[in-house]
Amino acid sequence: MRTGFLSRWLPFAYWPRPSMDMLMRDAWAGLSVGLVLIPQAIAYATLAGMPPQTGLYAALLPAIVGALWGSSQLLAVGPVALTSLLVFGSLSSMATPASPQWVALAVWLALYSGLFQLLLGACRLGRVADLVSQPVVHGFINAAALIIIFSQLPDLFGVRGMSSSEIVMAAIGKGEFPAGILASAGFGIAAAFLLVLFRRLLPRFPGILFISGLAIFASWWIGYEHVGGKVVGYLPSGLPALALPPAITLEQHQALWPAAFILALISFTEAMSSCRTLARRQQTPWDENQELIGQGLAKIASGLSGAFPVSGSFSRSALNLYAGAASAWSTLFSTACVLVSLLFLLDVIYFLPRSVLAAMIIVPTFSLLDLNVFKRLFAISRDDAIVAIMTFAVTLLSMPYLYWGVFAGIGLAMASFLYRRSHPRIIEVGLHQDGTLRDRQRFGLSPLAEDLLAVRMDSALNFLTGNLLERFVSSRCTFDSDIKRVLLCASGVNDIDATGVEALDALRTTLEGRGAKLYLSAVKKQVWDVLESAGLIKAIGPECIFSTDREALVELRANSSGLKPSGSEKVF
């Protein structure tokens with residue numbers, strides 16, 4: 001018991017002792033990730049509407065906490081595009097971006113979303129994340145990717161602050177573009193081009209770091225800021241000060257709760273995808289509840305650092321794996337890079353053009369776009385495709401309240417699930433030439449016997465389906481008065497509840513009133529246990545219940561006066 005408690009709340013105490021070779025591999029991988037993380041963290045902070053230095057705060061202590069308490073040792077925890085967009089969407093109607101009030105709200109959003117995840121993990125409710133089905137995730141991520149890309153285009157081209165009408169008027173010569181637009185657009189487009197080039201030709205090379213360094217040097221060399229270009233500007237150096245969150249009003253707390261819950265679900269769904277991929281590649285197990293604890297504590301650490309919610313990054317986790325990381329020690333090396341930048345490099349980052357930051361956000365976000373997924377979903381399930389499309393549409397239309405898209409998607413997915421479960425497949429079966437029981441209507445089969453109705457339902461027998469089974473059998477018996485025996489092939493019934501028991505008992509009573517009898521075959525153990533506890537096994541009669549469909553078929557056909565045997569017919 002004590003060991004289980006320690007492994008759950010102090011999992012890092014059970015890390016294996018690293019060898020020198022392992023540390024060398026982790027050091028190289030950690031440095032590779034850290035050098036990419038520094039410019040990315042600043043870029044995602046601006047996407048979240050936060051001061052740029054808070055991106056580095058979110059990449060420091062939260063990354064260490066996520067590695068220490070998480071389940072997947074190679075998962076890179078820190079700022080990510082999707083979570084940053086959710087932060088911006090959740091707060092945009094409540095405060096001005098980068099203002100003290102905005103930062104205070106983002107801190108509380110991190111604390112609340114982290115607390116939700118921590119509680120879910122502590123209560124072993126990691127499966128709650130499955131409420132966000134893949135069609136919902138696909139619809140939301142595609143919509144979010146489009147929102148991210150279009151939101152960064154003004155910074156990429158240096159027209160931030162201009163309305164669409166002002167841009168059009170300036171383009172046709174009836175207005176003026178801001179000073180430095182050509183330099184901004186040049187830096188942004190060049191950075192985007194180089195990022196795509198590095199991704200295709202040198203995917204393992206830290207292209208983001210190289211481009212950042214090149215842009216900083218070029219910006220300083222040509223005096224980019226003095227010609228009207230916007231740069232990151234002054235950032236306060238030093239470590240983040242751990243502090244209690246600032247006070248906000250009760251109404252603001254209440255407004256953050258639904259956004260925090262959706263952020264907790266979406267960010268963990270994103271992290272789970274990375275964890276599954278890493279687990280397959282490494283062939284190592286992972287625990288979703290432990291990962292929830294790690295992700296929750298990381299968000300709380302980010303809030304106490306004065307930053308915004310974090311999550312697991314798929315791209316940095318993949319880079320961590322490709323660079324040869326062997327354990328969570330790689331995270332400590334990557335955070336060392338962040339620490340050095342906070343202490344010594346912020347004066348250099350001053351010259352980084354904001355259009356280059358926009359390119360660093362836009363190019364990776366294109367990998368999230370997969371509009372062909374809607375076509376694939378239509379081929380698999382029209383219902384799932386509709387859920388994905390509606391999630392996509394509602395997310396776009398509800399901007400900036402992005403979480404309404406997720407709420408709508410979850411609601412539609414639940415409605416679709418209940419609709420399918422309330423319309424089970426109930427068929428009359430006959431003996432196929434291959435010896436199996438198949439759908440009579442589909443294969444044009446004869447009845448098993450003139451007085452025998454054999455029915456199979458591929459569904460749980462519960463409050464959604466019990467009346468449908470009773471209605472199906474009753475309608476067949478009414479249509480054919482010769483039916484005196486009804487066989488329920490229960491091999492497809494995996495579960496039964498109180499309503500299902502009552503429906504089955506009512507069916508037995510109705511059949512007896514018609515002078516007919518109910519038989520069961522291939523009843524599964526969990527269903528048998530419920531029927532036995534309810535006394536229905538005794539009421540039906542053990543002699544009317546068969547272990548297999550074959551046994552029932554042989555017995556009932558042998559006792560059938562209406563059976564016309566065929567020499568070519570075989571049973572199973």
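Where is Leu-60 found? Leu-60 sits in the loop that links α3 (53-58) with α4 (61-69), where helices (H or I, at least four residues) and strands (E, at least two) are DSSP runs, numbered from the N terminus. The structure is a predicted model, in which local features need pLDDT of at least 70, side-chain atom pairs count only at pLDDT 80 or more, and totals for chains, interfaces and linings use all residues. Residues are numbered from 1 along each chain as its sequence is written, and side-chain values use heavy atoms, with hydrogens and water left out.

Leu-60 counts as buried because its relative accessibility is 11%; buried means under 20% relative accessible area, exposed over 50%, and partly exposed in between, with a 1.4 Å probe and protein chains only. Leaving aside neighbours within four places in sequence, Leu-60 is in contact with Leu-239, Pro-240, Thr-335, Val-338, Leu-339 and Leu-342, contact meaning heavy atoms within 4.5 Å. Leu-60 and Val-77 are 17 residues apart in sequence, and their C-alpha atoms are 9.4 Å apart in space.

On the scale of the whole chain, the protein is divided into domain 1 (18-416) and domain 2 (426-561), with bounds that come from an automatic or database domain assignment. The centres of the two domains, taken over C-alpha atoms, are separated by 55 Å.

In α13, which spans residues 314-322, the buried residues are Arg-316, Ser-317, Ala-318, Leu-319, Asn-320 and Leu-321. These buried residues pack against the helices α2 (20-47), α11 (250-282) and α14 (329-349), and also against the strands β1 (76-78) and β2 (311-313). Just after α13, Gly-324 takes a positive phi of about 100 degrees.

Two packed helices are described by the angle between their axes and the distance between the axes. For α2 and α13, the angle is about 165 degrees and the axes are 9 Å apart; here axes are lines fitted to C-alpha atoms, for helices over the stretch in contact, and angles run from 0 to 180 degrees between N-to-C directions. The helices α2 and α13 are therefore roughly antiparallel to each other, given that angles under 35 degrees count as roughly parallel, over 145 as roughly antiparallel, 65 to 115 as roughly perpendicular and the rest as oblique. On the α2 side, Ala-29, Gly-30, Ser-32, Val-33, Val-36, Leu-37, Gln-40 and Tyr-44 meet Ser-315, Arg-316, Leu-319 and Asn-320 of α13. By class, this contact has 6 nonpolar, 5 polar and 1 charged residues, where Ala, Val, Leu, Ile, Met, Phe, Trp, Tyr, Cys and Pro count as nonpolar, Asp, Glu, Lys and Arg as charged, and the others, Gly among them, as polar.

The helices α11 and α13 pack at an angle of about 15 degrees, with their axes 10 Å apart, and are therefore roughly parallel to each other. Their crossing is right-handed. Ser-274, Thr-277, Leu-278, Arg-281 and Gln-282 of α11 make the contact with Phe-314, Ser-317, Leu-321 and Tyr-322 of α13, and by class the contact has 4 nonpolar, 4 polar and 1 charged residues.

Helix α2 also holds Ala-41, which is buried, with a relative accessible area of 0%. Ala-41 touches Gly-55, Leu-56, Ala-59 and Pro-79, not counting residues up to four places away in sequence. Most residues other than glycine have a negative phi, and most peptide bonds are trans. Ala-98, in the loop between α5 (81-91) and α6 (100-122), has a positive phi of about 70 degrees although it is not a glycine, and at 43% relative accessibility Ala-98 counts as partly exposed. Ala-522, in the loop between β7 (517-521) and α22 (525-533), has a positive phi of about 55 degrees, and Ala-522 is buried, with a relative accessible area of 15%. The peptide bond from Met-399 to Pro-400 is cis, with omega near 15 degrees, and Pro-400 lies in the loop between α17 (382-397) and α18 (403-421).

Notes:
Left-handed = near helix turned anticlockwise from the far one by under 90°.
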